[in-house]
Amino acid sequence: MSLDSAAHAGSAVERLGASEALQRLEHERGARLAQLQAVDEACGGATQVDDLQVMQRGAIERALKEIDAAFVRLQQGTYGVCQGCGRSIPVERLEILPYVRCCVPCQQRTG
């Protein structure tokens with residue numbers, strides 16, 4: 001995605017900055033890919049993988065899907081807009097979890 005297309009993306013991007021939002025998402029993706037590699041290396045090609053490793057891998061893969069969805073929202077101009085109530089997600093929340101879909105109240109309602 002180019003920074004030009006991100007620059008036109010919604011109010012959260014205006015508040016956070018398109019390049020900063022993009023950088024935070026790329027950092028999150030890189031961190032999750034490194035975690036996934038570490039889990040795979042811990043398995044070492046073993047035929048028997050324990051439940052913890054399966055759960056870790058699943059959680060990391062879900063986070064990667066959420067990060068990819070956030071990249072799409074950034075391109076579409078809906079990044080930082082709560083998918084529950086339609087209000088802006090606070091910048092502080094996006095700084096901590098740049099791929100979140102919902103504000104805290106809506107997240108608490110949906111679990």
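What share of the 111 residues of the chain counts as buried? The share is 35%, where buried means under 20% relative accessible area, exposed means over 50%, and partly exposed lies in between (1.4 Å probe, protein chains only). Please keep in mind that this is a predicted model, in which local features need pLDDT of at least 70 and side-chain atom pairs count only at pLDDT 80 or more, while totals for chains, interfaces and linings use all residues. Residues are numbered from 1 along each chain as its sequence is written, and side-chain values use heavy atoms, with hydrogens and water left out.

**Overall layout**

- The chain has six helices and zero strands, where helices (H or I, at least four residues) and strands (E, at least two) are DSSP runs, numbered from the N terminus.
- Along the sequence, the pattern reads α-α-α-α-α-α.
- Contact means heavy atoms within 4.5 Å; of the contacts between residues at least 6 apart in sequence, 57% join residues at least 24 apart.

**Helix α3**

- Buried residues in α3 include Ala 18, Ala 21, Leu 22, Leu 25, Glu 28 and Arg 32.
- An α-helix has 3.6 residues a turn, so residues three or four places apart point the same way.
- Just after α3, Gly 44 has a positive phi of about 55°.

**The nonpolar core**

- A nonpolar core is a set of buried Ala, Val, Leu, Ile, Met, Phe, Trp, Tyr and Cys residues joined through side-chain atoms within 4.5 Å.
- The largest one has 18 residues, and those touching the most other members are Leu 16, Leu 25, Leu 74, Tyr 79, Cys 82 and Leu 94.
- Helices α3, α4 (51-76) and α5 (91-96) each supply at least two residues of this core, and α4 gives the largest share, four residues.

**Cysteines**

- The structure holds zero disulfides, a disulfide being a pair of cysteine sulfur atoms within 2.5 Å.
- The sulfur of Cys 82 has its closest cysteine sulfur in Cys 106, at 3.6 Å, which is too far for a bond.
- Cys 85 is in no disulfide either, with the sulfur of Cys 82 nearest at 3.7 Å.
- Cys 82 is buried at 4% relative accessible area, whereas Cys 85 is partly exposed at 31%.
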